[in-house]
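Subject: The structure I promised you

Hi there,

Here is the structure we talked about, for you to open and click through.

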Amino acid sequence: MKRILLSVAVAALFLVSCDKDNDDPTPKPTAENLSGNISTDMTLDASITYTLTGTVKILNGGKLRIPAGTVIKAEKGFDKYILVEQGGQIFVNRTADKPVKMTSAAATPAPGDWGGLVINGKAKISGPSGTTPTGTTEINPEVPYGGSDDADNSGTLQYLILEYTGAKSSANIEHNGLTLNAVGSGTIIENIYIPYTADDGIEFFGGTVNVKNLLVVNSDDDMFDGTQGWRGTLDNAYGVWGTTFTSDEEDPRGIEFDGNLDGNTPADINQSNGTFKNITIVSKAANIEMQDAVKIRRGATATITNLLIKGTKFTDLIDLTDGKGTANVATNISYKKDVTTISGKELNNTGVTGATVTANTTNTGANTSVFAWTGFTDF
């Protein structure tokens with residue numbers, strides 16, 4: 001099966017294996033267009049600007065290595081995305097001066113031009129007691145995720161830009177910037193920049209993966225979203241809406257966190273129990289109100305420390321309620337606010353007995369100096 005489709009000429013494609021995950025095997029592929037399945041060990045060439053012309057799937061046993069400075073431009077369409085299947089791996093081991101960029105190929109790029117990056121692992125997700133629950137990928141239900149290996153390793157992402165993502169086929173089937181399905185703690189994800197996505201910046205569907213140093217700019221829906229039993233840590237994350245930002249979503253939020261998928265199985269075990277630390281949520285938008293800066297619901301337990309909420313218009317600042325279940329009583333949130341208008345409640349915890357939410361004037365939020373490599377300055 002072809003691993004890469006060629007745009008202007010027939011080119012040789014060499015796929016070789018390598019013993020060390022951080023080594024770049026040679027020779028490298030010379031094709032310019034990317035599409036199809038990867039089942040062995042493949043390294044791209046940073047001197048080539050690649051065009052994503054279709055779906056790329058990294059299959060079980062396959063590895064995709066993307067060198068420093070590589071640029072991948074995706075054609076418009078819902079089917080333009082990169083999917084790491086269970087047992088596959090992706091390696092973006094880069095540095096601040098040579099990040100990898102995945103972006104739109106459109107002459108005038110816009111949110112929702114292409115899919116984004118999806119990683120499927122073998123870690124636990126929420127589900128019935130006595131079972132090993134699995135799920136199916138929202139954008140491709142033929143591809144499963146979930147299992148019992150919380151230490152599963154899907155590779156490394158370091159210094160990666162994902163922009164103009166979030167293509168959708170319907171209101172309920174849409175890409176995020178970065179989607180992590182049951183990804184295990186053996187996976188390293190650090191220094192990620194996700195601007196201009198048409199859905200969530202990042203969404204965790206179960207798993208135990210940790211993410212550090214994440215910048216999300218102008219996500220149409222939630223900045224940071226977790227569900228279906230995610231039990232990892234998000235450390236040093238900054239989400240911001242600019243002054244001219246508007247949204248097509250009915251309930252855009254800073255953090256949205258559910259215990260089980262869509263709140264439909266409240267009796268599940270392994271429900272979400274996530275840690276958020278050193279977080280800043282900012283809305284500078286003049287013409288839109290953020291639904292909630294923080295929404296914890298449907299059995300989720302959240303531990304949130306050093307949270308700073310800034311900006312203009314919010315409905316509820318922190319909301320622990322929902323028609324399908326409130327936040328777990330073990331939820332503990334420390335926050336500082338510097339906001340102009342709250343049209344609803346600063347804390348909506350009706351019916352939630354035991355959760356701890358504390359205002360702390362010494363909170364500083366995320367350290368923005370670590371995002372200098374992105375070139376973004378409107379903090």
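How do the residues of the lining of the largest pocket divide into nonpolar, polar and charged? The lining holds 17 charged residues, along with 4 nonpolar and 4 polar ones. Before you go further, keep in mind that this is a predicted model.

**The pockets**

That largest pocket has a volume of about 670 Å³. It is lined by 25 residues, and the ones nearest its centre are Glu138, Asn172, Glu174, Glu256 and Asp262. If you colour by strand, look for β17 (202-205), β19 (224-227) and β21 (253-258), the elements that each give two or more residues to the lining of this pocket. Of the elements, β21 gives the most, with 3 residues.

The second largest pocket has a volume of about 190 Å³. Among the residues lining the second largest pocket are Pro111, Lys168, Tyr196, Asn218, Phe245 and Asp248. Its lining splits into 4 nonpolar, 5 polar and 3 charged residues.

**The aromatic rings**

Start with Phe204 and Trp230. Why does this pair count as stacked? The ring centres of Phe204 and Trp230 are 4.0 Å apart and the planes meet at 20 degrees, so the pair is stacked; the cut-off for that is planes under 30 degrees apart. Phe204 sits in strand β17, while Trp230 is in the loop between β19 and β20 (233-241), so you are looking at a link between distant parts of the chain, 26 residues apart. Both Phe204 and Trp230 are buried. Phe204 and Trp230 also belong to one aromatic cluster together with Phe257 and Phe276.

Now try Tyr238 and Phe379. This aromatic pair is edge-to-face, with 5.0 Å from centre to centre and 90 degrees between the planes. Tyr238 lies in strand β20 and Phe379 in the segment after β27 (356-359), so the pair ties together parts that are 141 residues apart in sequence.

Strand β4 (residues 63-65) runs parallel to β7, and 3 bridges join the two.

**The nonpolar cores**

Last stop: the nonpolar cores. The largest nonpolar core has 70 residues, and Phe224 and Ile296 have the most contacts inside it. Strand β24 (residues 301-319) gives the most to this core, with 7 residues. There is also a second, separate core of 12 residues, including Leu215, Val217, Val240 and Phe371.

That's everything from my side. Happy clicking!

Conventions. Residues are numbered from 1 along each chain as its sequence is written. This is a predicted model: local features need pLDDT of at least 70, side-chain atom pairs count only at pLDDT 80 or more; totals for chains, interfaces and linings use all residues. Side-chain values use heavy atoms; hydrogens and water are left out. On a 1 Å grid over the protein atoms alone, a cavity is a set of points where a 1.4 Å probe fits but cannot get out, and a pocket is an open set with protein on both sides within 12 Å along at least five of seven lines; lining residues have an atom within 4 Å of a point. Grid points are joined across faces, edges and corners, and a volume is the space filled by probe spheres set on the points. Helices (H or I, at least four residues) and strands (E, at least two) are DSSP runs, numbered from the N terminus. Ala, Val, Leu, Ile, Met, Phe, Trp, Tyr, Cys and Pro count as nonpolar, Asp, Glu, Lys and Arg as charged, and the others, Gly among them, as polar. Rings of Phe, Tyr and Trp (its six-membered ring) pair if their centres lie within 6.5 Å; planes under 30 degrees apart count as stacked, over 60 as edge-to-face and the rest as tilted. Buried means under 20% relative accessible area, exposed over 50%, partly exposed in between (1.4 Å probe, protein chains only). Two strands pair if DSSP finds at least two bridges between them. A nonpolar core is a set of buried Ala, Val, Leu, Ile, Met, Phe, Trp, Tyr and Cys residues joined through side-chain atoms within 4.5 Å.
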